[in-house]
Amino acid sequence: MPNWCMQEVYIHGDTNMVNHIYWELRERQRFCDTVLPIPLHVIGQPFDGKGTSPQYDWRCDNWNTKWEVTNILITQEIVRDDHYPTSTSFFKFNCWTAWDAPIPVWEELHRLGIEVQAEYEIEGTDCVGEFTLGEHHCRTLTDEEIKEREARWEEENTFVRYEEVIKNA
């Protein structure tokens with residue numbers, strides 16, 4: 001069963017909004033809940049212990065993932081760009097989400113005038129996708145791409161194992 005969805009995300013737009021998203025992501029590890037917060041009436045619903053919680057169901061329905069982003073790595077610190085009529089900022093980050101990409105979150109940012117460029121790969125499947133200019137495209141990897149990916153993963157795993165051997169020596 002697929003578990004994690006790895007993503008590379010670029011955010012660009014109004015400085016105030018982008019600064020807030022950046023701060024929430026970096027300081028509080030919150031992205032989805034910053035853009036599409038779980039409503040208080042959902043948070044206040046009691047969980048009867050049967051099935052799934054109301055918050056879990058809401059996240060799956062509204063974020064397309066069961067949890068907030070995790071394994072966050074800021075790959076481009078925030079940069080302010082004053083070449084537009086209004087001040088804009090941008091930054092890049094990598095993260096993981098459970099099961100799938102948070103496409104509804106990216107769509108909401110696009111609706112708010114924030115440019116989102118994202119690429120993702122769903123672990124355990126041969127699916128990759130991108131979100132650019134408000135449009136989502138997903139495709140299946142070719143056999144050649146699958147072989148390249150598996151070779152890359154093997155190399156990365158070999159490197160990690162070597163690093164662990166050196167560290168423990």
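Let me start with cysteine 32, which counts as buried because its relative accessibility is 0%. Buried means under 20% relative accessible area, exposed means over 50%, and partly exposed lies in between, with a 1.4 Å probe and protein chains only.

A word on the source. This is a predicted model, with residues numbered from 1 along each chain as its sequence is written. Local features need pLDDT of at least 70, side-chain atom pairs count only at pLDDT 80 or more, totals for chains, interfaces and linings use all residues, and side-chain values use heavy atoms, with hydrogens and water left out.

Now the overall layout. The protein chain has six helices and six strands. Helices (H or I, at least four residues) and strands (E, at least two) are DSSP runs, numbered from the N terminus. Read from the N terminus, the order is β-α-α-α-α-β-β-α-β-β-β-α. The chain has 169 residues, and 37% of them are buried. Take the contacts with a separation of 6 or more: 62% of them join residues 24 or more positions apart. Contact here means heavy atoms within 4.5 Å.

For cysteine 32, the nearest cysteine sulfur belongs to cysteine 95, 7.5 Å away. Cysteine 127 is in no disulfide either; its nearest cysteine sulfur, on cysteine 138, is 4.6 Å away. Cysteine 127 counts as partly exposed because its relative accessibility is 24%.

Next, helix α4, residues 54–63. Its buried residues include Pro54, Gln55, Tyr56, Trp58, Arg59 and Trp63. What covers them? Among the elements that do are α2 (32–35), α3 (40–43) and α5 (103–111). Just after α4 comes asparagine 64, with a positive phi of about 75°.

Most residues other than glycine have a negative phi. Two further residues go the other way. Asparagine 71 is not a glycine, yet has a positive phi of about 50°. Asparagine 71 sits in strand β2 and is partly exposed, at 46% relative accessibility. Leucine 133 is not a glycine either, and its phi is positive at about 55°. Leucine 133 belongs to the loop between β5 and β6. Is leucine 133 buried or exposed? Exposed, because its relative accessible area is 66%.

Two residues in the covering helices deserve a look. The first topic is threonine 34, in helix α2. Threonine 34 counts as buried because its relative accessible area is 17%. A polar atom of its side chain lies 3.4 Å from the backbone oxygen of arginine 30. Setting aside neighbours within four places in sequence, threonine 34 is in contact with His20 and Glu24.

Then glutamate 108, in helix α5. Glutamate 108 is a charged residue by the grouping used here, and it is buried, at 16% relative accessibility. Beyond neighbours within four places in sequence, glutamate 108 is in contact with Val35 and Leu36. Glutamate 108 and glycine 134 are 26 residues apart in sequence, with 9.2 Å between their C-alpha atoms.

Last, the pockets. On a 1 Å grid over the protein atoms alone, a pocket is an open set of points where a 1.4 Å probe fits, with protein on both sides within 12 Å along at least five of seven lines; lining residues have an atom within 4 Å of a point. Points are joined across faces, edges and corners, and volume is the space filled by probe spheres set on them.

The largest pocket holds about 700 Å³ of space. It has 26 lining residues, and the closest to its centre are Met6, Glu8, Tyr120, Glu121 and Arg152. Two or more lining residues come from each of β1 (4–14), β2 (70–81), β3 (88–98), β4 (115–122), β5 (127–132), β6 (135–140) and α6 (143–168). Which element gives the most? That is α6, with six residues. By type, the lining has ten nonpolar, five polar and eleven charged residues. Ala, Val, Leu, Ile, Met, Phe, Trp, Tyr, Cys and Pro count as nonpolar, Asp, Glu, Lys and Arg as charged, and the others, Gly among them, as polar.

The second largest pocket holds about 190 Å³. Of its 13 lining residues, Glu8, Tyr10, Gln117, Ala118 and Glu119 are closest to the centre. Here β1, β3, β4 and β5 each give two or more residues. This lining divides into five nonpolar, four polar and four charged. Glu8 is on both lists of residues closest to a centre.

Note on methods
A polar contact is a pair of N or O atoms within 3.5 Å; within protein, one must be able to donate a hydrogen and the other to accept it, and residues adjacent in sequence count only if both atoms are side-chain atoms. A disulfide is a pair of cysteine sulfur atoms within 2.5 Å.
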